Amino acid sequence: MELLTQLTFIERGILAGVIIGFIAPVVGAFLLVRRVSIITESISHITLAGISAGVFIGTLGPWLPTVNPMYMGVVFALIGALVTERLRTIYSHFQELAVPIILSTAIGMSAIFISLARTGYNEWYAYLFGSIVSVTIGDLHFVLITAVFVLLIIALFYKEFISISFDQEFAKVSGIPLKVVNFMFALLIALVISLSMKVVGILLVGALVVIPVATSIQLAKSFKQLVGYGIIFAQIAMLAGLFFSYQFAISTGGMIVLMSLFILIVVLIVKKVQIK
């Protein structure tokens with residue numbers, strides 16, 4: 001950990017980006033197979049509600065304990081992920097209803113907390129759209145610890161995640177505890193959204209989870225290849241996005257997403273040409 005303190009602000013941003021670029025497509029692959037990729041949008045917005053709540057609490061006065069908005073975001077993300085899973089169970093025949101319910105609730109809560117906090121524009125810019133220069137040593141520690149925890153969850157529940165993702169009925173018959181595994185998967189989504197928010201931004205993190213995997217599926221012939229290609233495409237988009245955002249002083253998250261989209265378009269064009 002002492003080595004991290006010697007990194008420059010640019011090096012911190014790049015290291016955080018590389019870690020996120022490795023983790024996000026792994027979870028994105030499971031989401032794609034489960035056909036629930038859209039959940040990332042609702043969870044990211046409920047995370048924003050948590051962050052705005054943390055910022056608001058910090059403005060109430062010195063007599064309240066200091067609350068890191070990122071940690072509040074994690075708590076809200078986990079609650080949002082669990083509520084989403086619960087709503088998908090309640091509306092078993094209309095599972096897509098869970099997303100707009102959580103999404104609209106999150107936007108409403110965020111609007112209220114942001115208006116109550118009455119902080120400046122710069123306070124929210126990094127959270128909403130990401131910033132390579134705003135990654136602090138504390139943020140990097142958070143990203144590293146969270147990433148290790150995410151990988152640990154995937155390693156422990158890999159077979160269960162695979163089974164539920166491809167055939168939930170078979171998994172149930174096989175004796176896999178669906179509630180426990182779905183809870184761990186919800187925790188997984190919440191952690192990935194939370195660790196990505198400082199570099200990519202809350203409003204854009206869903207794209208980093210989804211687009212590299214959407215590109216990967218054009219080439220992959222197995223789940224492992226889906227994950228492998230997804231990581232490669234995410235890393236290319238991440239590093240290119242970080243480079244251009246720093247060089248031209250523009251939104252980090254926005255540039256990363258555009259690079260991801262550019263890679264997707266190139267792969268689609270190349271594949272179409274090969275078919276002809």
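**Ground rules.** I am working with a predicted model, where local features need pLDDT of at least 70, side-chain atom pairs count only at pLDDT 80 or more, and totals for chains, interfaces and linings use all residues. Residues are numbered from 1 along each chain as its sequence is written, and side-chain values use heavy atoms, with hydrogens and water left out.

Entry 1: Helices here are DSSP runs (H or I, at least four residues), numbered from the N terminus. I fitted axes as lines to C-alpha atoms over the stretch in contact, with angles from 0 to 180 degrees between N-to-C directions. Helix α3 covers residues 39-58 and helix α4 covers residues 69-90; their axes lie 7 Å apart at an angle of about 140°. The two are therefore oblique to each other. For the wording I keep this scale: under 35 degrees is roughly parallel, over 145 roughly antiparallel, 65 to 115 roughly perpendicular, and the rest oblique.

I noted the crossing of α3 and α4 as right-handed, meaning that the near helix is turned clockwise from the far one by less than a right angle. For contacts I use heavy atoms within 4.5 Å. On the α3 side the contact residues include I39, I43, I46 and G50, and on the α4 side they include M72, F76, G80 and R88. By class, the residues of this contact divide into 13 nonpolar, seven polar and one charged. My classes: Ala, Val, Leu, Ile, Met, Phe, Trp, Tyr, Cys and Pro are nonpolar, Asp, Glu, Lys and Arg are charged, and the others, Gly among them, are polar.

**Entry 2: α3 and α10.** Next I looked at α3 against α10, whose axes come within 8 Å and cross at roughly 160°. That pair is therefore roughly antiparallel, and the crossing is right-handed. T40, E41 and S44 of α3 meet V205, G206, A207, V209 and V210 of α10. I count this contact as four nonpolar, three polar and one charged residues.

**Entry 3: α2 and α10.** How do the axes of α2 and α10 cross? They come within 8 Å and cross at roughly 70°, which makes α2 roughly perpendicular to α10. I20, A24, P25, G28, A29, L31 and L32 of α2 make the contact with L208, V209 and V213 of α10. The classes came out as nine nonpolar, one polar and no charged residues.

**Entry 4: checking helix lengths.** The expected span of a helix is 1.5 Å times one less than its number of residues. For α2 (residues 9-34), the 26 residues should span 38 Å, and the end C-alpha atoms are 37 Å apart, which agrees. For α9, the 19 residues should span 27 Å, and the ends are 27 Å apart, which also agrees.

I then looked at burial (buried is under 20% relative accessible area, exposed over 50%, partly exposed in between, with a 1.4 Å probe and protein chains only). In α2, 19 of the 26 residues are buried. In α9, 16 of the 19 are buried, so α9 is largely enclosed by the rest of the structure.

**Entry 5: single residues.** Leaving out residues up to four places away in sequence, L195 touches I20, I23, F142, V143, T146, A147 and V150. L195 and I23 are 172 residues apart in sequence, with their C-alpha atoms 9.5 Å apart.

D139 lies in helix α7 (residues 137-166) and is buried at 6%. Beyond four places in sequence, D139 touches M70, S134 and K198.

T215 of α10 (residues 205-216) is buried at 1%. Its contacts beyond four places in sequence are F233, S260, I263, L264 and V267.

I269 in α12 is partly exposed at 49%.

**Entry 6: phi.** Most residues other than glycine have a negative phi. A249 is not a glycine, yet its phi is positive at about 55°. A249 sits in the loop between α11 and α12 and is exposed, with 70% relative accessible area. I also noted R35, which follows α2 and has a positive phi near 60°.
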